Structures are given as structure tokens and as C-alpha cells.
Amino acid sequence: MENEDLRNQVLEACRGLAACGLGAGIGGHVSVRYRDEPYFYMHVFDRAFEEMQLEDILLFDFEGRPVDSGRSPSLGIEFHHGIYKQRPDVQSIVHSHGFWITAQAALARAPRILNNVSTVFYERTCVSPNDDFSSIAKALCDDDIAIVIPWHGAITLGGNLGEAVSRHVIFDYTARMDVTLPPDAPQMPHEQCADLKELVEKADYYSETWKMIQRKAKATYDGCRVIPVVF
Ligand SMILES: [Zn+2]
């Protein structure tokens, strides 16, 4: 039943997110679905992404119970299996309380689109009043890839783990643009969003971003934990 490849993927994602400055505190989760089975890998609650090790990554069933461990996940685990059941296309989920993501979430709306690589989130971001799955289920549409949880953080979804992680890192960038640019900064017009979104997808920007995050995870891991270099 154990799948070491999937466990290692979750670990690499945690370290990558940490390398990008999204994993200094307790809280936040990364999960990957066990293909065609009602299970997924996620990590324990009591480690930051920066500290995560392979033994902290556990297999969970679709009730949110660890299959073979007494260690506890986050209390917020429920939306993972909830989303996996609702959206068969989603193979991986990332949630964080990254600083910029959380600051943007305090505006209680989807981020403004102010740059090219953020256009992938245009009309594909929902706002859920809370992180319990019954709130998310009502807000989440079939095509959404990001969820803003006001005064809390955000969730990104992917067809694979690299996609969910790279979307999360770029969502953080998107959030930072939204929070730091003044309210009267002009937002990208609808047609330009649609055109640029297509171009960004075609350019494979997000799969190249995942490769960059993997390199960064390796470069910042000192054998014990990730020491991020954040600008
Ligand atoms: Zn949270």
C-alpha cells in the first residue's frame, strides 16, 4: 500500500514551498492523492514545511484518519478528501498561511490580476467563507484552481503535485502584487487576461516553475532543514 514515490513528492513539495518562504510556521498542508484509491499522502501537524522529514509524511484514508500511525494531521484535513471526492481531476492540494497570501486573504476577495503569469487565476479563483469542506464545496466551481479563505490563507489545486505547488508559489506572488499596489492601479482588461492566460499555459511556465522550485528545495536544504533565502 505504501508508495514511497508519492511520499517523497510530498516531502519535496514541503521543502520547495519552504525554500520560497512559505513554510516558516506551523500550519499549512500539502497532499497528493493515491491514484484511483480513496487515500492520500499528507504530513503531520506539528512540523513546519522547513522542518519536514520523510517520516512526517503519512497515508490517510478518505475519512482523514492515518492508515498506520498514531500521529495527528492538522484539524483542517477534512477539505482534502472533500475536494478529492468532489473534483476527480484534482490530484494534489496545497494550503498555506504564507504572509502575502494571508495579507491578501484579509481583503476577502479574489486577487486583482496585475501581471501576466497571474492570468491563470483569472475567473478560476473562488472565495470560501471558511476552511470547512461544507463552505468550500458550495464555493468551488469545476474549473477553479485557487480558493481564498478570508482572514486565513489560500488553497491551490493541481492535476499533479508540481502543478499545485507552482500555482501556490505564483499565487503568493499574485497576492503580493495585489497587496502592495495601490487600489487605483489599473487591472488587466478581460481580453488581455484571456490572451495572456493562453500564452502562459502554452509556454509551460508552471512546469518550469516547478522544476525551479525543486532546484531551490535542494539548494536550501542543509541536511537538517530548509534555510530559505527570501527577498
Ligand atoms: Zn490554514
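Helices (H or I, at least four residues) and strands (E, at least two) are DSSP runs, numbered from the N terminus. The model is predicted; local features need pLDDT of at least 70, side-chain atom pairs count only at pLDDT 80 or more, and totals for chains, interfaces and linings use all residues. Residues are numbered from 1 along each chain as its sequence is written.

Contact is counted when the C-beta atoms of two residues, placed from the backbone, lie within 7 Å.

Strand 2 itself has 4 of its 5 residues buried, so it is largely enclosed by the rest of the structure. Strand 2 pairs with strand 1 in the antiparallel sense over 2 bridges, where pairing requires that DSSP finds at least two bridges between the strands. In this pair, R33 stands opposite F40 of strand 2. The two strands form a hairpin with 5 residues between them, and D36 in the turn has a positive phi of about 65°. Strand 2 also pairs with strand 3 (residues 57-61), antiparallel over 5 bridges, and there Y39 has D61 as its bridge partner.

Elsewhere, helix 1 (residues 4-19) packs with helix 7 (residues 205-220) at an angle of about 80°, their axes 8 Å apart. Axes are lines fitted to C-alpha atoms, for helices over the stretch in contact, and angles run from 0 to 180 degrees between N-to-C directions. Helix 1 is therefore roughly perpendicular to helix 7, a term covering angles of 65 to 115 degrees. The contact is made by E12, R15, G16 and A19 of helix 1 together with I213, Q214, K216, A217 and T220 of helix 7.

D143 lies in the loop between helix 4 and strand 6 (146-149). This residue is exposed, with 10 other C-beta atoms within 10 Å.

For the protein as a whole, there are 7 helices and 7 strands, and buried residues make up 44% of the 231 residues. The C-alpha trace spans about 50 × 40 × 35 Å along its principal axes.

How values were computed: Angles under 35 degrees count as roughly parallel, over 145 as roughly antiparallel, 65 to 115 as roughly perpendicular and the rest as oblique. A residue is buried if 20 or more other C-beta atoms lie within 10 Å of its own, exposed if 12 or fewer, and partly exposed in between; C-beta atoms are placed from the backbone.
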